[in-house]
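Please look at the sequence and the model first, then read on.

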Amino acid sequence: MTTDLSTTIAGVQFPSCFMNAAGALCVTRDELMALGQSRAGAIVTKSMTVDARQGNPEPRYYGFPGGSINSMGLPNLGYRAYAEMIPELKRFGKPVVASVAGLCEDDFPVIAAAINAAQPDLIEVNLSCPNIPGKPQIGYDPEASERVIKRVRHLITVPMGLKLPPYFDPAHHEVMGRVIGRHGVNFLNMINSVGNGLVVDPEREAVVIKPKGGFGGLGGRIIKPVALANVRAFYKLFQGKIPIIGTGGVVDGVDVFEHVLCGASAVQIGTVLVEEGLDVFGRLETELAAILTHKGYRSIADVQGMLKEL
Ligand code: RRO
């Protein structure tokens, strides 16, 4: 029996439900081409700003057994470079997802209009970068989120999604749910890293990354329950009608299975992609297929959202 690991998000078909998370091995042309050649089911760009950026001072990423902390500070080539690359990236025959960021609200429509003209398959609007010193995460301010969504929504003709930060209270899911529901958002991606964590090296009695006094976004294994909770909360809020990309804490096939049970249509891989490299996609495919087969399921659609409550 073959297992179907393909998926569809907002009408776009993905040959496999695994892709890189924005930021992980997707800044340069070489990295994006390598994702094209890999088994990844899509190519997601680094979140792009108006101008190219070097990002924050190094060290700015640190991996540890439970996950990672980063404060990259949006290093990227600027939207013009990504817009130029989109046609060649599309030739790999898998969806290209353009991640749009911005250092201020006025940047978002500029980037959205230009990148939409290059016709990626989907656009993900990042409302949740935790690492720009002095700039709060837009996604934690429902009014600012709504302003940004309103300003880009009419400029984007391909399916438009939002990359959301983790929320920790049902009241916050509900407030953001109302904002999202008002504007025809085509898909959601949650969660971005858990912002402003702090990892300490007791040996050196020091922080492990340089920017912001060591504070940064947490990713990897330790954030899985937070990611699952957010996937589940929004899946239930929208009764499964807005497709969700589950991101956060995917290390092995069981983690993917759990994300799908909670309602995810696809998953993105951040920390473990950085740590393990592109072979992670093949490994996760094998592991998820084995779990589905063992349980007698034929596709991820068979289990999507089917988490039992007691
Ligand atoms: O570049 C970053 O520091 C960064 C971004 Br834009 C983001 O959305 N999430 C993250 O963990 N790091």
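## A pair of strands

Serine 68 stands opposite glycine 219 in E14. Strand E6, residues 67-70, pairs there with strand E14, residues 215-219, in the antiparallel sense and over three bridges. Two strands count as paired if DSSP finds at least two bridges between them. Helices (H or I, at least four residues) and strands (E, at least two) are DSSP runs, numbered from the N terminus.

This is a predicted model, in which local features need pLDDT of at least 70 and side-chain atom pairs count only at pLDDT 80 or more, while totals for chains, interfaces and linings use all residues. Residues are numbered from 1 along each chain as its sequence is written, and side-chain values use heavy atoms, with hydrogens and water left out.

## The sheet

E6 and E14 belong to an open sheet of four strands, ordered E5-E6-E14-E11, with antiparallel pairing. At its edges are strand E5 (61-64) and strand E11 (194-198), each of which pairs on one side only. From one strand to the next, the twist averages 35°; axes are lines fitted to C-alpha atoms, for helices over the stretch in contact, and angles run from 0 to 180 degrees between N-to-C directions.

## The ligand

The ligand sits in the largest pocket. A pocket is found on a 1 Å grid over the protein atoms alone: it is an open set of points with protein on both sides within 12 Å along at least five of seven lines. A molecule sits in a pocket if more than half of its atoms lie within 2 Å of its grid points. Among the residues around the ligand are Lys46, Asn70, Met72, Cys129 and Asn192, each with a heavy atom within 4 Å of the ligand.

A polar backbone atom of leucine 74 is 2.8 Å from a ligand oxygen atom. For an N or O atom in the side chain of asparagine 126, the distance to a ligand oxygen atom is 2.8 Å. A polar side-chain atom of serine 193 lies 2.7 Å from an oxygen atom of the ligand. The protein covers 92% of the 320 Å² of accessible area (Shrake-Rupley method, 1.4 Å probe) that the ligand has on its own.

## Backbone details in loops

Glutamate 58 and proline 59 are joined by a cis peptide bond, with omega about 0°. Proline 59 is in the loop between strand E4 (43-44) and E5. Another cis peptide bond runs from methionine 190 to isoleucine 191, with omega near 15°. Isoleucine 191 lies in the loop between strand E10 (187-190) and E11.

Terms used
A polar contact is a pair of N or O atoms within 3.5 Å; within protein, one must be able to donate a hydrogen and the other to accept it, and residues adjacent in sequence count only if both atoms are side-chain atoms. On a 1 Å grid over the protein atoms alone, a cavity is a set of points where a 1.4 Å probe fits but cannot get out, and a pocket is an open set with protein on both sides within 12 Å along at least five of seven lines; lining residues have an atom within 4 Å of a point.
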